[in-house]
Amino acid sequence: MIRPSVRAMKGYTPGEQLNDPEIVKLNTNENPYPPSPKVFEAVREALTGDRLRKYPQPMGDTFRRAAAEVLGVAPESILIGNGSDDILTILTRAFVPEGGRMASLTPSYTLYQSLAEIQGATLQTVPFTPDWTAPTPWPLTGTHLTFLANPNSPSGTLLRPAEVKALAARVPGMFVLDEAYAEFAEESGLPLLAEIPNLIITRTFSKFYALAGIRFGMAIAAPEIIRELAKVKDSYNCDVLSLAAATAAIRDQGYYAGLRSKILATRGRLSAALAELGFRVTPSQANFVWCQRTDRPVKPIYEALKAQKILVRYMDYPGYGDGLRITVGTPVEIDRLLAALREAA
Ligand SMILES: *Cc1c(COP(=O)(O)O)cnc(C)c1O
């Protein structure tokens, strides 16, 4: 009785989430630092009185006002989500008919494939050029929805706003800029929203805001689009605690600017050390680094690290070779990783 398109699915495989506290966890791009102290305060406050008994704000209006101020957009341009994966699901449901066509560049976030399969749609993938840009001319027509992770995962590379603008103009249908790592990059596509009618930007609180456990994300788009998306989402898709946490986080830009500098400094040190160890390192605009070897497969290196309780993400893409995607951890975690790599690499 299961729909055939669901029966045929493999299902999305999330990164390994092991509970061993001794593990150095550099595989799913969480922030290695705690969220702002104001987040803890706000969640404690949300636990007092009557707040858990009542439904949360359906559209998260308090959050939307706070986020709008930080992003320089109207509150009506923001849609809240239970993680940005929830937002990506809402977008798929809103724009892609059954049997419809979706697209993404590849290698990239593999959830897009699962979203297409659940919807009974097809995902066409367009390979990145060897220097991680989009091919010209854009080869697809007739697509309903196209995803671009920017910065991309696993490469950590960034298409600049001018390139995004040119690409969005060529792509048929809606164009989603998945900016899960934008806060670590030099530029974002946010200023393009005013000029590109088919553009939607998604953000997550799992990476920069150090709130992967709370599940919060958002879409930013023209108010006419947000109004339609709101019809598709669950009425109360974000709870009282996650709304309190996300609102406090986005208001505390000063705290997060401090984390960002630390992470970017460690990213520079990690990239240089990996290159010195003989890896080919792709310059990163995110909080992780994609590195490969030209002389041999890296699966044994992944295994050796895992044996020492250091978890990184191993990936193998036909045509691009295999590689390790390593999250920028704390300086101590990166020291442990590098020590282990000096033995294993
Ligand atoms: C982590 C990630 C997300 C998902 O974020 P959640 O808010 O935790 O669901 C979306 N897109 C990309 C490219 C990511 O790496």
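Q: In which sense do S2 and strand S8 pair, parallel or antiparallel?
A: Antiparallel, over four bridges, with S8 at residues 217-220. Keep in mind that this is a predicted model.

Q: Which residue of S8 stands opposite Ile80?
A: Met218.

Q: What packs around there, starting with helix H7?
A: Helix H7 (residues 223-232) packs on the sheet and touches S2, strand S6 (174-178), S7 and S8. Its direction makes about 30° with that of S2.

Q: And which strands does helix H3 lie across?
A: Helix H3 (residues 61-71) lies across S2, strand S7 (199-204) and S8. H3 runs at about 125° to S2.

Q: What's the strand order in the sheet?
A: S2-S8-S7-S6-S5-S3-S4, seven strands in an open sheet with mixed pairing. The edges are strand S2 (78-81) and strand S4 (122-127), each pairing on one side only. Neighbouring strands are turned by 25° against each other on average, direction ignored.

Q: Switching topic: how is the protein divided into domains?
A: Domain 1 covers 12-34 + 254-344, and domain 2 covers 37-252. Their centres, taken over C-alpha atoms, are separated by 25 Å.

Q: How much area is buried between domain 1 and domain 2?
A: About 2500 Å², with 60% given by carbon and sulfur atoms. On the domain 1 side, Tyr12, Tyr256 and Gln285 lose the most area to domain 2, together 33% of what that side buries.

Q: Which elements of domain 1 give two or more residues to the side that touches domain 2?
A: Helix H9 (253-276), strand S10 (288-292) and strand S11 (310-317). H9 gives the most, with seven residues.

Terms used. Residues numbered from 1 in each chain as written. Predicted model: local features only at pLDDT ≥ 70, side-chain atom pairs only at ≥ 80, totals over all residues. Heavy atoms only, no water. Pairing = 2+ DSSP bridges. Axes fitted to C-alpha atoms, helices over the stretch in contact; angles between N-to-C directions. Contact = heavy atoms within 4.5 Å. Domains from an automatic or database assignment. Buried area = accessible area lost by both parts, 1.4 Å probe.
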